[in-house]
Amino acid sequence: MTRPYLGNPKYTIEVLQKYGFVFQKRFGQNFLIDTRVLDRIIEASEITKDDFVLEIGPGIGTMTQYLADAAREVTAVEIDDALIPILQDTLKEWDNVSVIHGDILKTDIRKIAVYRTGDVVRVEVEGAGRGDIPAAVKAAKERDTEDAE
């Protein structure tokens with residue numbers, strides 16, 4: 001199996017230059033390029049080969065590679081059109097990763113998780129344990145639900 005490589009700044013820069021990628025301020029894009037930090041995040045999350053992981057905003061796939069190495073399956077949801085071909089390239093060696101091109105706030109997370117796991121889904125919220133959903137996403141999803149009622 002391929003080992004994650006995008007945590008190395010050299011490879012991240014190569015990918016960004018290859019695709020002429022320009023960061024979008026409106027998406028608040030930042031790409032993690034420190035293998036020690038990536039390793040610590042994976043270790044702290046306690047992800048195992050039994051886990052399905054939903055990643056929000058995979059960027060160029062740096063964390064996605066590390067998640068795919070640790071988990072049974074990863075689904076990544078990316079809104080930026082420019083990142084989809086990059087993700088197709090950087091994740092092509094991982095057969096346990098799927099990418100959804102879309103807005104996470106308009107994506108039925110439960111449907112994805114139930115489809116992927118065939119199980120009842122427990123949504124963990126910020127401060128509740130491993131794999132926390134950022135508070136901003138949680139709040140936005142709650143607002144959408146309230147508006148729909």
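**Exercise 1. Find the polar contact between the side chains of Lys 92 and Asp 89, and work out which network of salt bridges includes Lys 92.**

*Solution.* Start with the pair itself: the side chains of Lys 92 and Asp 89 are joined by a polar contact of 2.9 Å. A polar contact here is a pair of N or O atoms within 3.5 Å; within protein, one must be able to donate a hydrogen and the other to accept it, and residues adjacent in sequence count only if both atoms are side-chain atoms.

A word on the model before going on: it is predicted, so local features need pLDDT of at least 70 and side-chain atom pairs count only at pLDDT 80 or more, while totals for chains, interfaces and linings use all residues. Residues are numbered from 1 along each chain as its sequence is written, and side-chain values use heavy atoms, with hydrogens and water left out.

Lys 92 and Asp 89 do meet in a salt bridge, at 2.9 Å from N to O. Side chains of opposite charge can pair when their charged atoms come close.

Now look for a further partner. Asp 89 also forms a salt bridge with Lys 18, at 3.0 Å from N to O. This second pair links distant parts of the chain, with Asp 89 in helix α4 and Lys 18 in helix α1 (residues 9-19), 71 residues apart. Helices (H or I, at least four residues) and strands (E, at least two) are DSSP runs, numbered from the N terminus. Put together, Lys 18, Asp 89 and Lys 92 are linked in a network of salt bridges.

**Exercise 2. How many salt bridges does a search of the whole structure find? Describe the one between Arg 36 and Asp 34.**

*Solution.* The search finds five. In the one asked about, the side chains of Arg 36 and Asp 34 meet at 3.4 Å from N to O. Arg 36 is exposed at 55% relative accessibility, whereas Asp 34 is partly exposed at 23%.

**Exercise 3. In what order do the three strands form the open sheet, and how are they connected?**

*Solution.* Begin with the order, which is β1-β2-β3 with parallel pairing. The edge strands are β1 and β3, each pairing on one side only. Two strands pair if DSSP finds at least two bridges between them.

Then check each pairing. Five bridges join β1 (residues 52-56) to β2; among the partners in β2 are Val 74 for Val 53 and Ala 76 for Glu 55. Five bridges also join β2 to β3 (residues 97-101), where Glu 78 stands opposite His 101.

Finally, follow the chain. β1, helix α3 (residues 62-70) and β2 make a right-handed β-α-β unit. From β2 the chain crosses through helix α4 (residues 84-90) to β3, again in a right-handed crossover. Right-handed means that, with the strands pointing away from the viewer, the path from the first strand over the helix to the second runs clockwise.

**Exercise 4. How many residues of strand β2 are buried?**

*Solution.* Six of the six residues of β2 (residues 73-78) are buried. Glu 73, Thr 75 and Val 77 point one way, and Val 74, Ala 76 and Glu 78 the other way.

Key
Buried means under 20% relative accessible area, exposed over 50%, partly exposed in between (1.4 Å probe, protein chains only). A salt bridge is a side-chain nitrogen of Lys or Arg within 4 Å of a carboxyl oxygen of Asp or Glu.
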